[in-house]
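Q: Please take a close look at a single part, the interface, and then place it in its surroundings. Give the cut-off behind each term as it comes up.

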Amino acid sequence: MSNRPSPLHFWRWFDPRARQVGTWAFIINRITALGLTAYLFIHLIVLGQLALGPQYYDQFIAFAKLPVVKIGELAVLAAGIIHALNGIRVALTGLGFAVRWQKHMLYSLMCLAALGIFVVFVKLFLLD
Amino acid sequence: MSSIRWKVTFIITRQRSKSKCYQQPFLLEVDPDEYILDCIERIWAFHDRSLTFRHACHHSTCGACGMRVNGVEKLTCITAIRSVTQDGGTVHIEPLRNFPVLSDLVVDMSTFFLRLEQVNAATVLPLQEACLPGEIKDQPVIESGQYERLVDCIECGLCISACPTALTSSSYQGPATLAAIQQGCQPGNQPFQILLADHEDGVWRCHSAYECSAVCPSNVDPAARIMNLRRRILTQHIRSLFSRQPEEAKNE
């Protein structure tokens, strides 16, 4: 394995071994961003299908009520919440604000994200 | 030093320039309060004289003995055995990342040193300018004389090795260089070095992983300095939007 910097080493960004809290946040932000981008394309394809007629719409609604799709919805919303909250931290520290508290900010915001994900979970699986 | 003895296996990554790397184990009986560098020296002295590594001062001043210990960038002269393993455990020793390997644990840091040279990285600054992170920048000058402070960066390269951005970009200036620019850049004074920072391979390439500050053995806190430099550059750009350019003023 080459020791020189190379764009081909990007996959090592996702290796959390022996890394610190800042890198975990860096990894989480990239994974959630990739997931949300993939979701955007799936979403657009599904919307295109719905425009084909009412029978497609009814089929889709039946499909959307499957537990596996609901788990997917929870994953998308969780990714959105985590990415948005971590994004606030990155934007603040990236402009020199509260840099020394970046770890504390991450822990606090991820607690907030966990709370948000729990609310979404209750809404999707227990109240629906 | 204590009378306790541990048996520790040191697994050292060996490589000659352009040849394939391999890992070589060495079993040592050590005092847990010994430092990693002491053990590497012992391996060289009593087990394998062909092992190459860099070291000099043995007290974290020269920055020569930076290596990866169990995957984490450390100055091996101040890293005690008991802080990284236990009795019967293993310690993986690897060269720093993001530098070409010359031989075994020795890496080529010439580009890194050239970059520091290019930005006129100071070794000594007046006290009010060489403030530590968290200190006030404009400390009053003491009338009885100008005190100077050694700039903290010991140019060990640990920050470059730990940085995920430096992993994929050889043109990135790197945390130590950007911290040096921040340190040499006084309020109201914009030296030419700032052009190297306000660049796609400068402060804007940093992805806020904060690994550089986590591994820095010398309290430089490069990440905080990079973010501070970003804010200064951004403030300068915003101000320039609302101020008249000298050329325009001349034409009026």
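A: Across the interface of chain A and chain B there are two salt bridges, a salt bridge being a side-chain nitrogen of Lys or Arg within 4 Å of a carboxyl oxygen of Asp or Glu. This is a predicted model, in which local features need pLDDT of at least 70 and side-chain atom pairs count only at pLDDT 80 or more, while totals for chains, interfaces and linings use all residues. Residues are numbered from 1 along each chain as its sequence is written, chains are lettered from A and ligands numbered from 1 in the order in which they are written, and side-chain values use heavy atoms, with hydrogens and water left out.

A salt bridge also joins A:Arg100 and B:Asp221, whose closest N and O atoms are 2.6 Å apart. Between chain A and chain B, 13 residue pairs are in polar contact, both residues being at pLDDT 80 or more. A polar contact is a pair of N or O atoms within 3.5 Å; within protein, one must be able to donate a hydrogen and the other to accept it, and residues adjacent in sequence count only if both atoms are side-chain atoms. On the side of chain A that touches chain B, the elements giving two or more residues are α1 (21-50) and α3 (67-94) of chain A. Helices (H or I, at least four residues) and strands (E, at least two) are DSSP runs, numbered from the N terminus. Sorted by class, that side of chain A holds 10 nonpolar, 10 polar and six charged residues. Here Ala, Val, Leu, Ile, Met, Phe, Trp, Tyr, Cys and Pro count as nonpolar, Asp, Glu, Lys and Arg as charged, and the others, Gly among them, as polar.

The contact draws on 26 residues from chain A and 31 residues from chain B, where contact means heavy atoms within 4.5 Å. The size of an interface is often given as the accessible area lost when the parts come together. Chain A and chain B bury about 2500 Å² between them, with 56% of it on carbon and sulfur atoms. Of the area that chain A buries against chain B, A:Asn3, A:Pro5 and A:Arg19 supply 25%, more than any other three residues. Buried area is the accessible area (1.4 Å probe) that two parts lose on being put together, summed over both.

Next, the surroundings. Chain B has nine helices and nine strands, and 50% of its 252 residues count as buried. Buried means under 20% relative accessible area, exposed over 50%, and partly exposed in between (1.4 Å probe, protein chains only).

The largest nonpolar core has 60 residues, and those touching the most other members are B:Phe10, B:Val30, B:Ile36, B:Ile81, B:Val91 and B:Ile93. Helix α8 (residues 222-242) of chain B gives the most to this core, six residues. Apart from this core lies another, of five residues, including A:Phe26, A:Ile27, B:Leu167 and B:Ala209. A nonpolar core is a set of buried Ala, Val, Leu, Ile, Met, Phe, Trp, Tyr and Cys residues joined through side-chain atoms within 4.5 Å. Leaving aside neighbours within four places in sequence, B:Ile93 is in contact with residues including B:Phe10, B:Ile36, B:Met67 and B:Leu105.

Over all chains the count comes to 12 salt bridges. One of them pairs the side chains of B:Asp104 and B:Arg14 (3.0 Å, N to O). B:Asp104 lies in the loop between β6 (101-103) and β7 (106-107) of chain B and B:Arg14 in strand β1 (residues 6-14) of chain B, so the pair ties together parts that are 90 residues apart in sequence. Both B:Asp104 and B:Arg14 are buried. Another salt bridge joins B:Arg97 to B:Glu73, with the closest N and O atoms 2.9 Å apart. B:Arg97 is in the loop between β5 (90-94) and β6 of chain B, and B:Glu73 is in strand β4 (residues 72-75) of chain B, 24 residues apart. Both B:Arg97 and B:Glu73 are buried. Salt bridges that share partners join B:Arg14, B:Arg16, B:Asp48 and B:Asp104 into one network.

One backbone detail remains. B:Tyr210 has a positive phi of about 60° although it is not a glycine. B:Tyr210 is placed in the loop between α6 (193-197) and α7 (211-215) of chain B, and at 6% relative accessibility B:Tyr210 counts as buried.
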